[in-house]
Amino acid sequence: MPYDKKILEKNIADVLKRVRDSRLLSNSFSYDLKGLDDDAISEYKIALSLNHDYAEAHYNLANIYYNKAHESLDEPVLKQAFDEYKEAVRCNPSHGEAEN
């Protein structure tokens, strides 16, 4: 059975994109776990610059902003958190954690 070259190329591109996204999220998350918020924020922003519809990156970035705002009572950072939560839901409407 012959393969459709365009479909095969698209499937390969999709897999490579998921691998790249996963690697970026992993790097960001490892900074997050170590408490390196600024490094994690930078990595999440890089991930989002490559894929703006990456719900997990928006959600995790929102969590960092929320925790920073909660600690410092910084309203502009809290707004950033809610904006990122909204983006997470926009990207993935079934992202229940972001809706709460």
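**View 1. Phe82 and Tyr85 sit about one helical turn apart, because they are three residues apart in helix 4.** Helices here are DSSP runs of H or I with at least four residues, strands are E runs of at least two, and both are numbered from the N terminus. An α-helix has 3.6 residues a turn, so residues three or four places apart point the same way. Is Tyr85 buried or exposed? Tyr85 counts as buried, because its relative accessibility is 13%. Phe82 is partly exposed, with a relative accessible area of 43%. Buried means under 20% relative accessible area, exposed means over 50%, and partly exposed lies in between (1.4 Å probe, protein chains only).

The model is predicted: local features need pLDDT of at least 70, side-chain atom pairs count only at pLDDT 80 or more, and totals for chains, interfaces and linings use all residues. Residues are numbered from 1 along each chain as its sequence is written, and side-chain values use heavy atoms, without hydrogens or water.

**View 2. The whole chain has five helices and zero strands.** From the N terminus, its elements run α-α-α-α-α. Buried residues make up 29% of the 100 residues. The chain exposes about 7,000 Å², and carbon and sulfur atoms supply 56% of that area. These areas come from the Shrake-Rupley method with a 1.4 Å probe; for residues, only the protein chains shown count as cover. Take the contacts with a separation of 6 or more: residues 24 or more positions apart account for 44% of them. A contact means heavy atoms within 4.5 Å.

**View 3. Confidence is highest in helix 4, at a mean of 93, and lowest in helix 5 (residues 96-99), at 57.** The score is pLDDT, the predictor's confidence in each residue, from 0 to 100. Its mean over the chain is 81, and 75% of the residues reach 70 or more. Where pLDDT is low, the predicted coordinates should not be read in detail.

**View 4. Tyr59, Phe82 and Tyr85 are linked into a cluster by ring pairs.** Rings of Phe, Tyr and Trp (its six-membered ring) pair if their centres lie within 6.5 Å; planes under 30 degrees apart count as stacked, over 60 as edge-to-face, and the rest as tilted. How many aromatic pairs does this rule give? The count is two.

**View 5. The largest nonpolar core has 18 residues.** Such a core is a set of buried Ala, Val, Leu, Ile, Met, Phe, Trp, Tyr and Cys residues joined through side-chain atoms within 4.5 Å. Tyr44, Tyr54, Ala57, Leu61 and Tyr65 have the most contacts inside it. Helix 2 (37-50), helix 3 and helix 4 each supply at least two residues of this core. Which helix gives the largest share? Helix 3 does, with seven residues. In soluble globular proteins, nonpolar side chains tend to be buried together.

**View 6. Asn60, in helix 3, touches Leu25, Phe29 and Tyr44, leaving aside neighbours within four places in sequence.** Asn60 is buried, as its relative accessible area is 10%. Phe29 belongs to helix 1 (residues 5-33). It is partly exposed, at 40%. Beyond four places in sequence, Phe29 is in contact with Tyr44 and Asn60. With the sequence neighbours left aside in this way, Ala57 contacts Leu25, Tyr44 and Leu48. Phe29 and Ala57 are 28 residues apart in sequence, with C-alpha atoms 9.1 Å apart in space.

**View 7. Leu73 lies in the loop between helix 3 (55-72) and helix 4 (75-91).** Helix 3 has 18 residues and should span 26 Å at 1.5 Å a residue; its end C-alpha atoms are 26 Å apart, which agrees. The expected span is 1.5 Å times one less than the number of residues. Just after this helix, Leu73 takes a positive phi of about 55°. Most residues other than glycine have a negative phi. Leu73 counts as exposed, because its relative accessibility is 73%.
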